[in-house]
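Here is a short briefing to read alongside the model. Keep the viewer open and follow the topics one at a time.

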Amino acid sequence: MIDKNKIFEFKYIIFDLDGTLCDTEHLHADAWTAVAQKYGMPPITHELLIKIGGISTINLSKMFCKQYGIDVDPQIIADEKAQNYFDNFLPKTQKFESICSILREAHDRGIKTAIATGSQIKETNYLIELFGLTAYVDAVVTADQIKNGKPAPDTYLEACKRLNATPSECLVFEDTPIGLQGVKAAGMTCIKVFEGKIVSDDFIKP
């Protein structure tokens with residue numbers, strides 16, 4: 001298991017949001033399923049979203065429309081899903097205290113922190129405020145602020161830029177294969193987590 005003290009040897013720590021700091025993946029699945037069934041798509045399962053988690057809402061919508069032959073503007077479906085999630089599911093979110101505590105401790109030790117997520121800024125700010133993390137986060141990068149979402153490295157590199165860091169100085173907490181691809185492409189070290197627990201035995205090097 002990773003020595004916790006070694007985590008805080010990094011100058012900058014970047015955290016994914018969904019599935020890392022907060023337990024939202026199953027809520028995203030429920031929100032997607034409600035909208036998907038309206039357009040004749042099968043349910044979008046929690047297990048599927050874990051596999052493809054980190055991809056932005058609009059890119060998921062494009063993917064689902066293509067996969068299931070839905071002749072609707074993907075932006076319309078993406079907007080419906082986002083609104084449904086925000087109104088009906090987001091308030092039910094629980095935080096993963098074990099990972100949130102690492103974020104807070106990093107800040108208290110003088111380490112700069114960022115959140116780099118495939119969620120939208122509106123959803124992200126809601127959760128940061130809900131869990132009382134605002135004062136502990138130095139930068140936030142969301143899917144609607146960058147050109148290429150995960151698994152492209154853009155989200156992490158933009159977080160790195162906003163922290164005035166270099167990729168080699170950054171440690172990232174991520175929970176999905178898609179996210180891990182992006183971290184590797186960004187040239188950053190990573191810790192794999194799942195459902196609020198560190199599951200990698202050592203740091204994952206780029």
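Predicted model: local features only at pLDDT ≥ 70, side-chain atom pairs only at ≥ 80, totals over all residues.

Residues are numbered from 1 along each chain as its sequence is written, and side-chain values use heavy atoms, with hydrogens and water left out. Helices (H or I, at least four residues) and strands (E, at least two) are DSSP runs, numbered from the N terminus.

**Helix α7**

- Helix α7 spans residues 121-130, and Glu123, Thr124, Leu127 and Ile128 are buried there (buried means under 20% relative accessible area, exposed over 50%, and partly exposed in between, with a 1.4 Å probe and protein chains only).
- Looking down the axis of α7, you will find its buried residues within an arc of 130 degrees, so they line one face of the helix; the arc is that of the directions from the helix axis to the C-beta atoms.
- After α7 comes Gly132, which has a positive phi, near 65 degrees.

**The largest pocket**

- On a 1 Å grid over the protein atoms alone, a pocket is an open set of points with protein on both sides within 12 Å along at least five of seven lines, a cavity is a set where a 1.4 Å probe fits but cannot get out, and lining residues have an atom within 4 Å of a point.
- The volume of the largest pocket is about 170 Å³, a volume being the space filled by probe spheres set on the points, with grid points joined across faces, edges and corners.
- Its lining is made up of 15 residues, and Ser56, Thr57, Ile58, Gln120 and Asp144 are those nearest the centre of the pocket.
- Two or more lining residues of the largest pocket come from each of α4 (57-68) and α5, and α5 supplies the largest share, 4 residues.
- By class, this pocket lining has 5 nonpolar, 7 polar and 3 charged residues (Ala, Val, Leu, Ile, Met, Phe, Trp, Tyr, Cys and Pro count as nonpolar, Asp, Glu, Lys and Arg as charged, and the others, Gly among them, as polar).

**The cavity**

- How many cavities of 30 Å³ or more does the structure hold? There is 1.
- The largest cavity has a volume of about 200 Å³.
- Its lining counts 20 residues, with Asp18, Glu25, His28, Gly54 and Ile55 nearest the centre of the cavity.
- Helices α2, α3 (46-52) and α4 are the elements that each give two or more residues to this lining, and α2 gives the most, with 3 residues.
- The cavity lining divides into 5 nonpolar, 8 polar and 7 charged residues.

**Salt bridges**

- The structure has 10 salt bridges, each a side-chain nitrogen of Lys or Arg within 4 Å of a carboxyl oxygen of Asp or Glu.
- Glu169 and Lys11 pair through their side chains at 3.3 Å, N to O. This pair joins distant parts of the chain, 158 residues apart: Glu169 is in the loop between α8 (154-162) and β6 (170-174), and Lys11 is in the loop between α1 (4-7) and β1 (12-15).
- Glu169 is partly exposed at 21% relative accessibility, and Lys11 is partly exposed at 49%.
- Glu97 and Lys95 form a salt bridge at 3.2 Å, N to O; Glu97 is partly exposed at 35%, and Lys95 is partly exposed at 35%.
- In the salt bridge between Asp138 and Lys112, the closest N and O atoms are 3.9 Å apart. Here too distant parts of the chain are linked, 26 residues apart, with Asp138 in the loop between α7 and β5 and Lys112 in strand β4.
- Asp138 is partly exposed at 38%, and Lys112 is partly exposed at 42%.

- The C-alpha atoms of Leu163 and Tyr12 are 7.6 Å apart, although 151 residues separate the two along the chain.
- Beyond its neighbours within four places in sequence, Leu163 is in contact with Tyr12, Ile14, Lys112, Thr113, Ala114, Asp138 and Ala139 (contact means heavy atoms within 4.5 Å).
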